[in-house]
Amino acid sequence: MKISRVIINGIIIFIGIALFFLLMEILNLTDHVYLRLFNFVFVLYGVNLTIKQNYKDHINGYLTNLSSAFLTAFVSLVIGIFSFIAYANYKGGEVYIDEHAKGYIFGGDPSIPQFAMGLLLEGMAASVIVSFTLMQIWKNKIERIDTVDDLAHNEH
């Protein structure tokens, strides 16, 4: 696993999501829940990029690549949450969160830390789902567990 790759691809995911979020803010579309599902596209792209680069560099092993995939998504999640907290404070703090939280299913009027915790849980679930899903696609290329590859068993 290359930590620099995980961090760079995590930053790529973050940039994509941040630009998309800002575009939604500018166009006043943040209340459309289905548009937030588009965030998956950025996570899928970045996580797949990590696995693809690992494959190209012959970094094999299911768990190694699953860890790289999850950490890539997690890096973007952590950067995204801290950025959102800073942005929310810039836009008015609790007042902004009260207005913004209406489009989420948190219930009540969450504080900024509660909102961030909700985003963390939601993001971790998405990270796990994306990582496992992509590893199901890549598993036969990353690690061949259904073939015997030693000479004693391949002689004819």
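Does Phe20 count as buried or exposed? In this predicted model, Phe20 has a relative accessibility of 13% and therefore counts as buried, because the cut-off for burial is under 20%.

**Overall architecture**

The protein contains 7 helices and 0 strands. Read from the N terminus, its elements follow the order α-α-α-α-α-α-α. Of its 156 residues, 37% are buried.

**Aromatic pairs**

A pair of aromatic rings is described by the distance of the centres and the angle of the planes. A search of the whole structure finds 10 aromatic pairs. One of these joins Phe20 and Phe38, with 5.0 Å from centre to centre and 45° between the planes, and it is tilted. This pair links distant parts of the chain, since Phe20 belongs to helix 1 (residues 3-26), while Phe38 lies in the loop between helix 2 (33-36) and helix 3 (39-56), 18 residues apart. Phe38 also pairs with Phe42 in an edge-to-face arrangement, at 5.5 Å centre to centre and with 90° between the planes. Phe38 has a relative accessible area of 39% and is thus partly exposed. Phe42 is partly exposed as well, at 22%.

Elsewhere, Phe21, Phe84, Tyr87, Tyr96 and Phe115 form one aromatic cluster. Another aromatic ring, that of Trp138, has Lys141 over its face, at 5.1 Å from the ring centre.

**The nonpolar core and a nonpolar surface patch**

In soluble globular proteins, nonpolar side chains tend to be buried together. The largest nonpolar core of this model has 13 residues, of which Val43, Val47, Ile51, Val130, Leu134, Met135 and Ile142 touch the most other members. At least two residues of this core come from each of helix 3, helix 4 (62-90) and helix 6. Helix 6 provides the largest share, 5 residues.

Met1, Ile3, Ile7, Ile11, Ile15, Leu19, Leu22 and Leu71 make a nonpolar surface patch of about 670 Å². Helix 1 contributes the largest share of the patch, 6 residues. Ile15, a residue of helix 1, is partly exposed, with a relative accessible area of 43%.

**A proline in helix 6**

Pro113 is located in helix 6 (residues 112-142). Is Pro113 buried or exposed? Its relative accessible area is 59%, so Pro113 is exposed. Along the chain, Pro113 and Ile85 are 28 residues apart, and their C-alpha atoms are separated by 8.2 Å.

**Residues with a positive phi**

Most residues other than glycine have a negative phi. Which backbone angle sets Asn28 apart, although it is not a glycine? Asn28 has a positive phi of about 55°. His58, which is not a glycine either, has a positive phi of about 60°.

Definitions and conventions
Residues are numbered from 1 along each chain as its sequence is written. This is a predicted model: local features need pLDDT of at least 70, side-chain atom pairs count only at pLDDT 80 or more; totals for chains, interfaces and linings use all residues. Side-chain values use heavy atoms; hydrogens and water are left out. Rings of Phe, Tyr and Trp (its six-membered ring) pair if their centres lie within 6.5 Å; planes under 30 degrees apart count as stacked, over 60 as edge-to-face and the rest as tilted. Helices (H or I, at least four residues) and strands (E, at least two) are DSSP runs, numbered from the N terminus. Buried means under 20% relative accessible area, exposed over 50%, partly exposed in between (1.4 Å probe, protein chains only). A charge sits over a ring if NZ of Lys or CZ of Arg is within 6 Å of the ring centre and within 35 degrees of the ring normal. Patches are made of residues with over 30% relative accessible area and no salt bridge: like charges are joined within 9 Å, nonpolar side chains (Val, Leu, Ile, Met, Phe, Trp, Tyr) within 5 Å. Accessible areas come from the Shrake-Rupley method with a 1.4 Å probe; for residues, only the protein chains shown count as cover. A salt bridge is a side-chain nitrogen of Lys or Arg within 4 Å of a carboxyl oxygen of Asp or Glu. A nonpolar core is a set of buried Ala, Val, Leu, Ile, Met, Phe, Trp, Tyr and Cys residues joined through side-chain atoms within 4.5 Å.
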